[in-house]
Amino acid sequence: MDFKRLSYFLAVAEELHFGRASTRLGIAQPPLSRQIAQLEKEIGAVLFDRSRSQIRLTQAGELLLERAKEILERIDQTEREVMRIGQGVAGRLRIAFVGTATYGLLPNILRAFRTANPAIELALSAMNNAELKRALIQREIDIAVARPSIEDPEVKSESLGREPLILALPDTFAEGEHVLADLKGETFILYPRRPRPSFADFIIDVCKRDGFIPASQVMAQDYLTAISLVSVGVGISLVPLSVSQNQRPGVVYRAYRGSNPGTELSLNYRRDNRSQHVFRFVSLARQMAREQSPPHLG
């Protein structure tokens, strides 16, 4: 069904007069009459009773009038919504992130973006790095906040800042700075358990630089589980500095002496994603990353 003919029908059905309808539409009456006749031919039903001095809607015409209003209103609404999405002022932005990103800069970026773009829905989810890469490549998400960056030719990565590693220790440990190599006899709680390689392998490499591989290792699924295990004395863990914001009874955070390459939080998105939502989010994140204060252990 031609939407233009449908709008012509709506005008005639509301005016019940071809002359007034043609004036309303800004077209001559003969072409309007031909368009209505063509519409009746297309749908196989007479829409107007023309046997009297004033035309009337047939039963088929009354049904089409009711549905035509709904259809044309829906089309108009859809056009406005599509335009708003195209202009970047409405729509949905899918963001996934590693668990440790929930401390530090990311929450501030999300809060600022929501304030500036209230009509854009943020769909948020937590994933590990391997899941983030798969979801981004398969276009299941728009933005991945990863640690470290996602390496793929289809993906562009930008740094959200670098921070040192620190020790998460049971509160029974002595105060003061610790030497990493002196802790080789301790149980190291590593995460995530899978998939590998992961942040766990990065931490093992850090230990290797100081001449040892933890002989006793406990694998946790995520950093929250790792911190919980530290709190009950199962072992120790190396975590990003921002995790120290997660104050938990039974856990203390300490700087240490030894290999500390630090860890980088990154913003990742597909190079072919031209969405205005992604552009706005990346621009805001880039600005806030430049303005953020250097991290420190409280």
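In which hand, left or right, does H1 pass H2? H1 passes H2 in a right-handed crossing. A crossing is right-handed if the near helix is turned clockwise from the far one by less than a right angle, and left-handed if anticlockwise.

Before the rest, the ground rules. This is a predicted model, in which local features need pLDDT of at least 70 and side-chain atom pairs count only at pLDDT 80 or more, while totals for chains, interfaces and linings use all residues. Residues are numbered from 1 along each chain as its sequence is written, and side-chain values use heavy atoms, with hydrogens and water left out. Helices (H or I, at least four residues) and strands (E, at least two) are DSSP runs, numbered from the N terminus.

Back to the first pair. Helix H1 covers residues 3–15 and helix H2 residues 18–25; they pack at about 130°, with axes 8 Å apart. That makes H1 oblique to H2. Axes are lines fitted to C-alpha atoms, for helices over the stretch in contact, and angles run from 0 to 180 degrees between N-to-C directions. Under 35 degrees counts as roughly parallel, over 145 as roughly antiparallel, 65 to 115 as roughly perpendicular, and the rest as oblique.

Leu-16 sits in the loop between H1 and H2; its phi is near 50°, a positive value in a residue other than glycine.

H2 also packs on helix H3 (residues 29–43), at about 105° and with axes 9 Å apart. H2 and H3 are therefore roughly perpendicular to each other. Their contact divides into five nonpolar, four polar and no charged residues.

Next, helix H5 (residues 105–116) and helix H9 (residues 276–291), which pack at about 130° with axes 10 Å apart. H5 is therefore oblique to H9, and their crossing is right-handed. The contact of H5 with H9 has 10 nonpolar, two polar and one charged residues.

Now the pocket. The largest pocket has a volume of about 770 Å³. On a 1 Å grid over the protein atoms alone, a pocket is an open set of points where a 1.4 Å probe fits, with protein on both sides within 12 Å along at least five of seven lines; lining residues have an atom within 4 Å of a point. Grid points are joined across faces, edges and corners, and a volume is the space filled by probe spheres set on the points.

Of the 31 lining residues, Val-98, Asn-128, Asn-129, Arg-147 and Phe-199 are the closest to the centre of the largest pocket. H6 (129–137) is one of the elements that each supply at least two lining residues, and H6 gives the largest share, four residues. By class, the lining has 14 nonpolar, nine polar and eight charged residues.

Pro-148 lies in the loop between strand E5 (143–146) and strand E6 (155–163). The peptide bond from Tyr-191 to Pro-192 is cis as well, with omega near -5°, and Pro-192 lies in the loop between strand E9 (187–190) and H7.

Definitions and conventions. Ala, Val, Leu, Ile, Met, Phe, Trp, Tyr, Cys and Pro count as nonpolar, Asp, Glu, Lys and Arg as charged, and the others, Gly among them, as polar.
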